[in-house]
Amino acid sequence: MARVLVLGGGFGGVSTATQLRRRLADEHEILLIDRSSTFVMGLRKLWDLFGIGSIAQGTRDLRALESQGIRFERREVLEIDPVRRTITTHRGSLEADYLVVALGAEPRPDLVPGLSEHAHNVWAASGVPGLKAALAAFAGGEIVVAIAGMPYPCPPAPFECAMLLEDQLRGRGLRGGFGITVTTPKPILLPNAGAEGSAWLAEQLVGREIGFETGREVKRVEAGVLDWGDARREFDLLIGVPPHRPPRVIADSALAGPGGWVTVDPGTFETGHQDVFAIGDVTKVTLANGLPLPKAGVMADLEGQRVAAAIAARISGAEAPEPFDGRGYCFLEMSASTAALIEGEFYSRPEPRIALADESAEHAQLKHRFEAERLESWFGG
Ligand SMILES: Cc1cc2nc3c(=O)[nH]c(=O)nc-3n(C[C@H](O)[C@H](O)[C@H](O)COP(=O)(O)OP(=O)(O)OC[C@H]3O[C@@H](n4cnc5c(N)ncnc54)[C@H](O)[C@@H]3O)c2cc1C
């Protein structure tokens, strides 16, 4: 009998655990650990903010996985020893035959002076009600969506946020009274989509009269002012996307690579330690063009599926599955009822190959289906 320990009940961890359960005989134990007993769909934060759906509708109880034969224990992981495949938690230690680390990335607004005090952070679900109330009470002025540091999950989401905001204000007949600007520290808007994808996104923003500024690194935030070091920008309301960092338990462990992220084999997602895998936002996979593989739920899910197949094959003595091919996609929401589709072959050399399919109602419906299918397949109806 083997025990697979999955750390993290987010997108990657739940995908891995549910896929493994379908592949492994009942005698093998799958134990999922998370500090929280709820799973929350990341994309719901913007849906809740703009009245497209609620966070509650995309929230599930991880204990529901027990009915499928996945053990769930609510524990805080304090230490990981990848050599012995042992973890220490606030309620004792656990050993595993196979370890899958899917602990995500943490928003760190504290790394940018003034960001916590002066910006709304909707990269954390707790920030959504405050911004919703502020927008409802806002009479007009300059709204800035600032990418305040790299990396952050879901690279297109700040631009989605700006376009959904524009759509909502126009719908409320208030558009004339607001200016909206997105700022990024990067030289182009969406580095993972390349120069062409970024130029396409710029056109979409211009068409909506949304301003944008590239190469703007936020040094500090003061009341009503963004300080970029060489220039300053006033705002009336700031939506700040904080830099993200690996959880401390990872940075303090032997799994930590450059910047504290977990380095993995891009084809297998195995770490440098035998039978220890890492997937999702906690990893850093560097592409042929030097950019990182985007942090996104869709990637964490696909990586989890590959890792589940590999562990099941090892346990049964079957041949290893094909390496992960680096293909992924995302639906970029452009209004409450439309989205574009961005598809990427991220492992292509010398550059990722990106295909863009224009704004349509069908793509927005596909995004809703993407979410519904995962909730259904992971947690049941
Ligand atoms: C506003 C917004 C919009 C987004 N939109 C999209 C989208 O449209 N499409 C898309 O694909 N992605 C989207 N994402 C990104 C997506 O949510 C993440 O990339 C995805 O959740 C990453 O999955 P993960 O499993 O790596 O980490 P997570 O889902 O973050 O899960 C990590 C889990 O580990 C647990 N954990 C961490 N540390 C510990 C510890 N020490 N002990 C115990 N438990 C711990 C956490 O509680 C958490 O449950 C969006 C994100 C945001 C913020």
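**Close-ups of a predicted model**

**View 1. What sits over the buried residues of helix α4.** In this predicted model, the cover over the buried residues of α4 includes α2 (44-49), β11 (141-147), α5 (157-171) and β17 (237-241). Helix α4 itself takes in residues 128-137, and its buried residues are V128, L131 and L135. These residues span an arc of only 70 degrees around the axis, so they end up on the same side of α4. "Buried" here means under 20% relative accessible area, and "exposed" means over 50%.

**View 2. An open sheet built from β22, β23 and β24.** Here 3 strands line up in the order β22-β23-β24, with antiparallel pairing. β22 (327-335) and β24 (353-360) are the edge strands, and each has a single partner strand, so one side of each has no neighbour in the sheet. From one strand to the next, the twist averages 15 degrees.

**View 3. Zooming in on the β22 and β23 pairing.** β22 pairs with strand β23 (residues 338-345) in the antiparallel sense, over 8 bridges. One to pick out is S335, whose bridge partner in β23 is T338.

**View 4. Helices α6 and α9 against the sheet.** Helix α6 (residues 194-207) lies across β22, β23 and β24, and runs at about 15 degrees to β22. Helix α9 (residues 361-379) packs on the sheet too, touching β22, β23 and β24. The direction of α9 makes about 120 degrees with that of β22.

How values were computed
Residues numbered from 1 in each chain as written. Predicted model: local features only at pLDDT ≥ 70, side-chain atom pairs only at ≥ 80, totals over all residues. Heavy atoms only, no water. Pairing = 2+ DSSP bridges. Helix = DSSP H or I, 4+ residues; strand = E, 2+ residues; numbered from the N terminus. Axes fitted to C-alpha atoms, helices over the stretch in contact; angles between N-to-C directions. Contact = heavy atoms within 4.5 Å. Buried < 20%, exposed > 50% of the residue type's maximum accessible area, 1.4 Å probe, protein only. Arc of directions from axis to C-beta.
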